[in-house]
Amino acid sequence: MKSWKRLLFAAVRILLLAAVLLANSANPAQAQSGVIRFETLSVENGLSQSTVRSIVQDTQGFLWFGTEDGLNKYDGYSFTHYKHDPENPTSIADSAINHIYLDSLGQLWIGTASGLDRFIRQDQTFEHFLVDA
């Protein structure tokens with residue numbers, strides 16, 4: 001009985017795979033319309049540090065990279081760096097970026113070694129939600 005169920009399960013999987021392949025090949029022009037292009041970005045291109053911990057694309061198309069040496073915004077041509085500046089209370093709270101999150105309102109949240117920051121686009125500044133030590 002168990003072998004019969006396995007055979008039936010395998011047949012269903014093959015039929016589903018065939019259906020997906022047929023659906024994707026029904027219109028070859030449509031299947032090839034979206035060309036995907038990859039570029040390698042590195043320190044040589046302006047990335048502040050080579051260890052990237054998080055990547056997010058925002059609603060405006062910018063790519064955000066969280067590194068051990070700050071937050072990096074890539075516009076397709078060059079990088080803008082956001083690093084902690086102890087003299088500037090509105091700079092990012094810490095340059096060690098652990099995570100980047102884009103919420104449903106399009107706001108960018110950055111998890112740092114010191115706590116959570118929200119990026120204020122209008123001012124290019126950060127609001128801090130720090131962890132108590």
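How do the residues of the lining of the largest pocket divide into nonpolar, polar and charged? I count 8 nonpolar, 3 polar and 2 charged. My classes: Ala, Val, Leu, Ile, Met, Phe, Trp, Tyr, Cys and Pro are nonpolar, Asp, Glu, Lys and Arg are charged, and the others, Gly among them, are polar.

I note that the model is predicted: local features need pLDDT of at least 70, side-chain atom pairs count only at pLDDT 80 or more, and totals for chains, interfaces and linings use all residues. Residues are numbered from 1 along each chain as its sequence is written, and side-chain values use heavy atoms, without hydrogens and water.

**Pocket.** I looked up the volume of the largest pocket: about 320 Å³. Of its 13 lining residues, Glu39, Leu41, Leu63, Phe65 and Tyr74 are the closest to its centre. β1 and β2 are the elements that give two or more residues to the lining. β1 gives the most, with 3 residues. (A pocket is an open set of points on a 1 Å grid over the protein atoms alone, where a 1.4 Å probe fits, with protein on both sides within 12 Å along at least five of seven lines; lining residues have an atom within 4 Å of a point.)

**Sheet.** I find 4 strands in an open antiparallel sheet, in the order β1-β2-β3-β4. (Strands are DSSP runs of E, at least two residues, numbered from the N terminus; two strands pair if DSSP finds at least two bridges between them.) β1 (52–57) and β4 (79–82) are the edges; each has a single partner strand, so one side of each lacks a neighbour in the sheet. β2 (residues 63–67) and β3 (residues 70–74) pair over 5 bridges, antiparallel. I checked Leu63 too: its bridge partner in β3 is Tyr74.

Conventions: Grid points are joined across faces, edges and corners, and a volume is the space filled by probe spheres set on the points.
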